[in-house]
Amino acid sequence: MTATVSDARLRLHRPLIDVQLTSDAIALVELLTAGGDARIALEPETGLNRYLSAPYPRDVLAYSSSTISDISAPAFEHLLAVQDAVAARTYTESLDLLRARIVAATGLSPRNAQIVFAPSGTDLEYVALAAVLNEGGVHNILLGADETGSGCIHSAHGRFFAEETALGVATAPKAPVAGCGPVSLVDIAVRCDNGKARSSAEIASDMAGEIEVAQARGEHALVHCVHGSKTGLVLPDLSDIDALQARFGSALTFVVDACQARITSASIAAYLQRGCIVLMTGSKFIGAPPFSGWALIPRALAQGAAPLPQGFDAIFRRSEWPQAWPGREGLPDSANLSLALRLEAALFELERFQAIAMPRIARLIDLFEEAVDTHCVAPLGVRRVLPRGDAEASGPIEMRTLITLDISALPGAAMFEDAQVLHRQLALGGIRLGQPVKCVRSANGDWGGTLRIGVSMPQMVRWAYGDDQLCANELARDMQEIARAIASALDLQAQ
């Protein structure tokens, strides 16, 4: 059973003391928990959703942007100020304005891409399918399903992933979405059995083999790349994407999972220039409330798309698709004010972050890494999991905003399941980190315990205009508190 916000007013978990929970604020929280699937609802016991996050600002120590974010206090105040104006617009007007702002914030040309909105990153997989549907079917080649959203394996298969869609339509999980046609699915691992990330060349070779399978069956290959996995992987390299495109031509389409939104404008442009679809969400690194997302579709690909599947009328609203998309008129002409507001919060954060000069961003990331190493990694005696191995650098600058810790050497945290218990215990105690991910092996061969520490756009905006020393001091205090909380929680478990 889930609770409405009005039922859970007294159970809102650690609301910020400088944001008054007035009737307008409660109404806004109510809106921000609507217009999505069941994952967005607040649980009555905690006042949080199943990811232990909330659509209201909270007095917590949060470095959880690799999983999901709470809304920041500035973004919440912004929504309070603009929600009446957003509600007064038509849904089409709101989303078209947001499309223009995404283009401006990312430096794209309006001619480069069409934008489709979705209530979650999981729903964005349907958008990628729709862009390449053909009579022969689609061979969907996922990359590292364990390092992307858990429900994506179903939506990428053209199937429902939950018991209810964002339109409130009851569905049967794993049941096919009408009109998606035949969709075959395969997952290519990004890590070896020992947990080490595989090379781009190895992954590209596996992709080539699956593209050949698709060709032999008369299917179109939809090939997933990842730009910012749960542990910061970027695979395959652009050079390998280029080689596969040169080899197979129109037989394949790449879709880039950048749902973490740890991606630069230059990288977005590079993918779009290659005809790749790019998927992004607003509730991780961007720091907006859960759930929202958008797909950037290369214009040529959108113009040649088949009509939308019939079953999309249970998933999407008409205005969420560009006006020229064939079959769009078959979608319900209704509005999702809740999604429009979550997207408004995402653009508010994205625009603020994009105003920071890159040298300043680089400096803040240096301070973040130094604080984690000095005040968390060293005192606990744990190690960092570098994205592609200990001998390599931690990847592009945007990936350095996320650090994965191998905590399996700590008593009580040896197993992945131990880390899951620890993660929840910390979250309910006011310290939110990224969920554990399976990327290290324990001594007995099982998946070992991990935690992830990631900064968000709102945090970096707050630090950007202050003194370096003040930022360093705050980060030091935060990492010391995280280290103490982990040590204390594990001691309690050991008693």
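User: Happy to start in the sheet: in strand 4, which residue is the bridge partner of I141?
Analyst: In this predicted model, strand 3 (residues 138–143) and strand 4 (residues 183–188) run parallel and are joined by 6 bridges. Within that pairing, the partner of I141 in strand 4 is V186.

User: And which residue in strand 5 does I141 stand opposite?
Analyst: Strand 3 is also joined to strand 5 (residues 220–227), again in parallel, through 4 bridges. In strand 5, the residue opposite I141 is V223.

User: How many of the residues of strand 3 are buried?
Analyst: Take the two faces in turn. On one side V138, N140 and L142 are buried, and on the other H139, I141 and L143 are buried too. Strand 3 is thus mostly covered, and its buried count is 6 of 6.

User: Let's move to helix 11: is E369 buried or exposed?
Analyst: E369 is found in helix 11, which spans residues 358–380. Its relative accessible area is 11%, and the cut-off for burial is under 20%. Because 11% falls under that cut-off, E369 counts as buried.

User: With which side chain does the side chain of E369 make a polar contact?
Analyst: E369 has a relative accessible area of 11%. Its side chain makes a polar contact at 3.5 Å, and the partner is the side chain of R384.

User: Good. Which residues does A25 touch, leaving out those up to four places away in sequence?
Analyst: A25 is found in helix 1 (residues 23–32). With a relative accessible area of 0%, A25 is buried. Beyond four places in sequence, the residues it touches are Q20, F76 and L80.

User: What is the C-alpha to C-alpha distance between A25 and S64?
Analyst: In sequence, A25 and S64 are 39 residues apart. In space, their C-alpha atoms are separated by 24 Å.

User: What about P289, and what separates its C-alpha atom from that of S53?
Analyst: P289 lies in the loop between strand 8 (277–281) and strand 9 (293–298), and at 0% relative accessibility P289 is buried. Beyond four places in sequence, P289 touches L32, P55, S69, I71, S283, R342 and A345. P289 and S53 are 236 residues apart along the chain, while their C-alpha atoms are separated by 8.4 Å.

User: Zooming out, what radius of gyration does the protein chain have?
Analyst: The chain is made up of 14 helices and 13 strands, and its C-alpha atoms fill a box of roughly 60 × 55 × 45 Å along the principal axes. For 495 residues, a compact globule would have a radius of gyration near 23 Å.

User: What share of the contacts with a separation of 6 or more comes from residues 24 or more positions apart?
Analyst: For context, buried residues make up 60% of the 495 residues. The accessible surface comes to about 18,700 Å², with 52% of it belonging to carbon and sulfur atoms. Among contacts with a separation of 6 or more, the share from residues 24 or more positions apart is 72%.

Note on methods
Residues numbered from 1 in each chain as written. Predicted model: local features only at pLDDT ≥ 70, side-chain atom pairs only at ≥ 80, totals over all residues. Heavy atoms only, no water. Buried < 20%, exposed > 50% of the residue type's maximum accessible area, 1.4 Å probe, protein only. Helix = DSSP H or I, 4+ residues; strand = E, 2+ residues; numbered from the N terminus. Pairing = 2+ DSSP bridges. Polar contact = N/O pair within 3.5 Å; in protein donor to acceptor, adjacent residues only side chain to side chain. Rg over C-alpha atoms; globule rule 2.2 N^0.38 Å. Contact = heavy atoms within 4.5 Å. Areas by Shrake-Rupley, 256 points an atom, 1.4 Å probe, with all protein chains shown as cover.
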